[in-house]
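Trainee: I have a new structure to look at, and I would like to learn how to read its features. Could you walk me through it?

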Amino acid sequence: MTTPQPTRHRRLRANPTIRAMLRETHLTRADLIYPVFIHAGDQPTIPIPSMPGVSRLSLAAFEQALLGLADLGIPALLLFGLPAHKDALGSQAADPNGIVQQAIRLAKRSHPNLYLISDVCLCAYTDHGHCGLFDANQQLDNDKSVAQLAQVALSHAQAGVDMVAPSDMMDGRVRAIRTALDSEGFQDTPIMSYASKYASAFYGPFRDAADSAPQFGDRRSYQMDPANSDEALREILTDVAEGADLILVKPALAYGDIIYRARQAAGVPIAAYNVSGEYAMLKLAAQQGLIDEKQAILETLIGFKRAGADLIVTYHAPQVAPWLPA
Ligand code: PBG
C-alpha cells in the first residue's frame with residue numbers, strides 16, 4: 001500500500017521560467033489610458049496635494065508633457081478640462097474654444113498617433129458642481145442635461161478627439177451623443193460609456209483636482225449604489241443598446257465582480273477606471289513605507305485585467321509604463 005501523494009501544484013511554480021511561461025494574465029503598455037487635467041490658467045503646473053505625482057497642467061505644459069508621454073509608450077490619454085469660468089449651464093463645456101477643445105487640437109497637431117479620449121461631463125463646468133443641469137424647481141433635469149452633453153461631445157469631436165467618454169450617468173445620453181455625432185459626420189467616433197459608475201467615496205481627490213465637488217446634495221440620484229450589481233448590468237446593457245462601443249466600470253478596486261460580470265454580459269470591450277482615491281491610497285501607503293510600491297501597483301493593475309478588463313484608466317500609467325512590455 002502506497003500512501004496517497006498530495007496533488008503537487010507547486011511543480012509548475014518551481015522556478016521563474018516556468019512561472020513566467022504559465023502566467024495567465026498579462027499587463028502591457030497597450031492596456032493603459034492616462035487621465036490628464038488641463039487648466040485654463042497660465043501657471044504651468046498646479047500640483048494636486050491629494051494625488052502625489054499628479055498635477056494640473058496649463059496648455060503649454062500639456063504640450064510639453066506630450067513628448068514624454070509618447071516616449072513612454074502610453075497609447076491613450078483621457079482628457080479633463082478645468083475651465084476659467086463656471087456657470088449654472090456649464091456653458092464652457094461645449095465652447096469650441098474651451099480648454100479641452102484647445103488641448104485636443106494642440107495634441108492632434110503635434111502627436112497625431114496619441115489616442116485622445118475626452119471625458120464628457122458637466123461637473124467641472126457647472127457652478128453647482130453637479131454632472132447635469134437643474135430645472136426651475138431645482139430638480140435635476142435629465143433630458144436638458146442630455147441635450148447639453150450631446151453638444152459637449154460634438155464639440156470634442158469637431159476639435160478632433162478620437163473617442164468620447166460620457167461620465168455623467170444621465171439616462172439616454174449615449175443615444176443622444178451617438179445621434180449628434182452621426183448627424184455631423186462623426187459616425188466613426190466611438191463612445192466609451194461610463195456605464196456603471198458608482199456613487200463612491202474614492203472620487204474625493206479627483207474632486208479636489210477638478211474643483212467639481214457638488215455645492216449641495218450629492219450624486220446619489222444619478223450615480224449607483226455600491227450595494228448593487230444587477231443594476232450595473234442593466235446600465236451596461238442599455239448603454240450598449242444605445243450604441244456604446246466600450247464600457248467603463250468605475251471605481252475598479254472594490255468592483256472586481258462588476259468588471260467580471262460586465263465582461264460576461266456586455267459583448268463589448270471593458271475598461272476599468274482605477275480612480276483617484278485608489279491611486280492616493282497606494283501612493284500614501286508606499287510613502288509611509290507600508291507596502292512595496294511597485295509590487296502593489298502591479299498587483300492592483302493585473303487584478304483588473306484578471307477580472308476581465310481590456311483597458312485600465314490609471315494615474316499610475318507614466319510610472320508603470322517603463323516596467324511593462326509594449
Ligand atoms: C466626472 C468624473 C468624476 C471622475 C471622473 N469623471 C468625478 C465624479 O463623478 O465625482 C472621478 C475620477 C477619479 O476619481 O479619478 N463626472
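**Pockets, bridges and a patch**

Mentor: Happy to! Let us begin with a pocket: the second largest pocket has a volume of about 160 Å³. Of the 13 residues in its lining, Asn142, Met169, Asp171, Ser221 and Tyr222 are the closest to the centre. Please keep in mind that this is a predicted model.

Trainee: Which elements each supply at least two residues of that lining?

Mentor: Strand S7 (140-141) and helix H7 (230-242) do, for the second largest pocket. If you sort the lining by class, you get 5 nonpolar, 3 polar and 5 charged residues.

Trainee: How does one find such spaces in general?

Mentor: Rolling a probe the size of a water molecule over the atoms shows where empty space is left. Here, the largest pocket holds about 380 Å³ of space.

Trainee: Which residues line the largest pocket?

Mentor: Arg19, Arg23, Glu24, Thr25, His26 and Leu27 do, together with Leu298, Ile302, Arg306 and Pro325. Helix H10 (residues 293-307) gives the largest share of this lining, 3 residues. By class, the lining of the largest pocket has 4 nonpolar, 2 polar and 4 charged residues.

Trainee: Next, salt bridges. How should I read them, and how many does the structure hold?

Mentor: Look for a side-chain nitrogen of Lys or Arg within 4 Å of a carboxyl oxygen of Asp or Glu. The structure holds 11 salt bridges. One of them pairs Asp218 with Arg220, with 2.8 Å between the closest N and O atoms.

Trainee: Is Arg220 buried or exposed?

Mentor: Exposed means over 50% relative accessible area, and buried means under 20%. Arg220 has 64%, so Arg220 is exposed.

Trainee: Where do Arg263 and Asp310 lie?

Mentor: The side chains of Arg263 and Asp310 meet in a salt bridge too, at 2.8 Å from N to O. Arg263 is in helix H8, while Asp310 is in the loop between H10 and strand S12 (311-314), so the pair ties together parts that are 47 residues apart in sequence. Arg263 counts as partly exposed, at 38% relative accessibility, and Asp310 also counts as partly exposed, at 26%.

Trainee: My last topic is the surface. Which residues make the nonpolar surface patch of about 330 Å²?

Mentor: Leu12, Met21 and Leu22 make that patch. To count towards a patch, a residue needs over 30% relative accessible area and no salt bridge. Take Met21 as the case: its relative accessible area is 61%, so Met21 is exposed. You will find Met21 in helix H1 (residues 16-21).

Trainee: Thank you! I will go back to the picture and look for each of these.

Key. Residues numbered from 1 in each chain as written. Predicted model: local features only at pLDDT ≥ 70, side-chain atom pairs only at ≥ 80, totals over all residues. Heavy atoms only, no water. 1 Å grid on protein atoms, 1.4 Å probe; cavity = no way out; pocket = protein on both sides within 12 Å on 5 of 7 lines; lining within 4 Å. Points joined across faces, edges and corners; volume = space filled by probe spheres on them. Helix = DSSP H or I, 4+ residues; strand = E, 2+ residues; numbered from the N terminus. Nonpolar A, V, L, I, M, F, W, Y, C, P; charged D, E, K, R; others polar. Buried < 20%, exposed > 50% of the residue type's maximum accessible area, 1.4 Å probe, protein only. Patch = residues over 30% accessible without salt bridge, like charges linked within 9 Å, V, L, I, M, F, W, Y side chains within 5 Å. Areas by Shrake-Rupley, 256 points an atom, 1.4 Å probe, with all protein chains shown as cover.
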